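Please keep the sequence and the structure open while reading.

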Amino acid sequence: MKHTLDLQGLTPALLERYDRPGPRYTSYPTAPLFSEDYGEAAYRDRLRQAATRPDEPLSMYVHLPFCHERCTFCGCNVVISPRRGPEEDYLDTLEGELDLLAAALGDRRTLNQLHWGGGTPTFLSPEQCERLFTAISSRFPLANDAEVAIEVDPCVTTMDHLETLARLGFNRISMGLQDTNPEVQRAVKRIQPLELTREHVDEARRLGFDSVNIDLIYGLPLQTEASFRECVRSVIAELSPDRVACFSYAHVPWIKPHQKQLDESQLPGGWEKFSLFTGAAAEFVDAGYTFVGFDHFARPDDELARALAEDRIHRNFMGYTVMPAADQVGVGVTSIGDVAGSYAANVKKLPAYKRAIDAGRLAVDRGLVRTEEDELRRAVIHRIICTLKLDFGWVAESFRVDPCEHFADALAELRPMADDGLVEIRDDGLSVTPRGRFFLRNLCMPFDAYLGDKRPDGPKYSRTV
């Protein structure tokens with residue numbers, strides 16, 4: 001498949017038809033459908049099932065929520081702590097949770113993927129990073145080819161941090177940058193000179209990290225297409241990252257009240273916001289990057305780009321990955337696991353998390369057990385997201401259903417999208433077009449059986465574009 005851009009057919013009218021709230025499908029069913037009916041007993045049952053497959057690897061996500069201060073654009077689950085101290089107590093609790101998980105999983109311990117996210121993982125000192133890594137690896141040994149990744153903020157990450165992380169075995173690093181424009185940085189309270197980021201990228205490469213990712217965000221206050229294109233050109237020229245995640249800013253002040261600090265009149269929206277992304281995509285593709293999907297770009301020699309060409313990309317709560325693992329355990333406050341056909345979400349508040357672990361209980365407070373129909377639709381959605389196509393023969397063979405009959409309603413909903421040039425529908429399957437790659441979330445939504453579920457608690461999702 002040749003991965004190109006098709007900007008010619010993108011118009012304000014087309015955008016207006018498809019720019020609506022929708023999931024990002026890091027999970028299916030999606031997190032708003034998780035229920036408090038799923039608690040610790042259900043999670044322990046699923047862990048017991050997972051333990052019966054000792055030869056299969058695991059994936060692990062560890063959430064480190066602390067930040068010194070809150071950026072106004074932030075959509076993450078964070079704990080603001082201007083002073084050091086609470087992280088030591090948190091590390092104690094993390095070790096308790098690791099003990100509980102290790103006991104529940106028996107001999108199934110090997111990790112082929114470990115990811116630290118936040119918050120700001122490098123809020124921890126280098127010594128604390130080593131303590132946590134040792135706590136994990138002593139209970140859950142890493143496979144020889146494991147992907148070991150961390151998210152860092154260059155503003156608080158020292159060269160000692162980078163040296164320690166490399167020595168411990170981290171091989172992938174992601175650095176948040178958002179935008180290089182000083183006016184935009186001031187508007188979102190994240191001052192980060194490009195030179196600072198470049199120093200960290202250079203040091204990470206010197207230390208031997210296999211891959212450096214840069215996170216950008218479009219849709220922030222004061223951004224214009226011209227200014228964001230200049231940002232992207234600077235990132236390519238100065239940093240030359242292996243991968244880039246160019247996220248859409250999700251303005252959800254009903255969920256994240258601190259976003260009310262932003263001047264909404266300065267936020268680009270509609271076609272203006274969409275042009276920020278299409279302009280950025282054009283810059284990356286012109287520079288030789290592969291448009292992987294959603295908002296990710298990778299150099300053609302990067303493993304992610306190669307995996308796309310070979311139809312072996314996977315997706316989990318950490319995003320796109322080339323490391324398949326049937327089960328993922330979440331560690332830390334607000335983390336989410338995907339174990340033995342179920343999702344398990346930890347509590348959101350630190351005191352409740354500590355109380356549960358100190359009492360010898362796993363800190364799960366909601367989740368969901370997937371049905372056979374959920375598994376089918378989950379697989380279909382992930383195939384579209386990860387391979388940009390869906391083979392009806394694969395669906396029939398894997399799930400023993402006639403996809404044309406089973407998904408008749410979804411295919412009918414896709415017909416207008418085919419007329420708009422977003423997807424090609426054939427007798428044997430469907431393929432996302434270059435134009436349609438800008439609307440992947442919309443192309444997945446017809447297969448989502450839950451989107452008609454109306455809930456009284458307000459909007460659930462950010463806009464798809």
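The points below are grouped by topic, beginning with the helix pairs.

The model is predicted. Two packed helices are described by the angle between their axes and the distance between the axes.

**Helices α2 and α3**

- The axes of α2 and α3 come within 8 Å of each other and cross at roughly 55°.
- Angles under 35 degrees count as roughly parallel and 65 to 115 as roughly perpendicular, and α2 and α3 are therefore oblique to each other.
- On the α2 side the contact is made by Tyr43, Arg44, Leu47, Ala50 and Ala51, and on the α3 side by Leu100, Leu101, Ala104 and Leu105.
- Sorted by class, the residues of the α2 contact with α3 are eight nonpolar, no polar and one charged.

**Helices α3 and α4**

- Helix α3 covers residues 86-105, and its axis comes within 10 Å of the axis of α4, with a crossing angle of roughly 5°.
- The two helices, α3 and α4, are therefore roughly parallel to each other.
- From α3, the residues in this contact are Glu87, Glu88, Leu91, Asp92, Leu94, Glu95, Leu98, Asp99 and Ala102.
- They meet Gln128, Arg131, Leu132, Ala135, Ile136 and Arg139 of α4.
- The contact of α3 with α4 divides into seven nonpolar, one polar and seven charged residues.

**Helices α8 and α9**

- Helix α8 (residues 225-238) packs with helix α9 (residues 270-286) at an angle of about 30°, and their axes are 9 Å apart.
- That angle makes α8 roughly parallel to α9.
- The crossing in which α8 passes α9 is right-handed.
- Helix α8 contributes Glu225, Phe228, Arg229, Val232, Arg233 and Ile236 to the contact.
- Helix α9 contributes Ser275, Leu276, Gly279, Ala280, Ala282, Glu283 and Phe284.
- By class, the contact of α8 with α9 holds seven nonpolar, two polar and four charged residues.

**The cavity**

- How many cavities of 30 Å³ or more are there? The count comes to one.
- The largest cavity has a volume of about 150 Å³.
- Its lining has 14 residues, and those nearest the centre of the largest cavity are Tyr218, Phe294, Phe438, Arg441 and Thr464.
- Helix α9 supplies at least two residues of the lining of the largest cavity, and so does α16 (440-444).
- Eight nonpolar, two polar and four charged residues make up the lining of the largest cavity.

**The second largest pocket**

- The volume of the second largest pocket is about 610 Å³.
- It is lined by 33 residues, and the closest to its centre are His314, Arg315, Ala325, Arg378 and His382.
- Which element gives the most to the lining of the second largest pocket? Helix α12 does, with seven residues.
- The lining of the second largest pocket consists of 12 nonpolar, 11 polar and 10 charged residues.

**Backbone details in loops**

- Tyr28 and Pro29 are joined by a cis peptide bond, with omega about -10°.
- Pro29 is in the loop between α1 (12-18) and α2 (40-51).
- Tyr25 also lies in the loop between α1 and α2.
- Although Tyr25 is not a glycine, its phi is positive, at about 60°.
- A cis peptide bond also joins Gly118 and Gly119, where omega is about 15°.
- Gly119 sits in the loop between β4 (111-118) and α4 (126-139).

Methods:
Residues numbered from 1 in each chain as written. Predicted model: local features only at pLDDT ≥ 70, side-chain atom pairs only at ≥ 80, totals over all residues. Heavy atoms only, no water. Axes fitted to C-alpha atoms, helices over the stretch in contact; angles between N-to-C directions. Helix = DSSP H or I, 4+ residues; strand = E, 2+ residues; numbered from the N terminus. Parallel < 35°, antiparallel > 145°, perpendicular 65-115°, else oblique. Left-handed = near helix turned anticlockwise from the far one by under 90°. Contact = heavy atoms within 4.5 Å. Nonpolar A, V, L, I, M, F, W, Y, C, P; charged D, E, K, R; others polar. 1 Å grid on protein atoms, 1.4 Å probe; cavity = no way out; pocket = protein on both sides within 12 Å on 5 of 7 lines; lining within 4 Å. Points joined across faces, edges and corners; volume = space filled by probe spheres on them.
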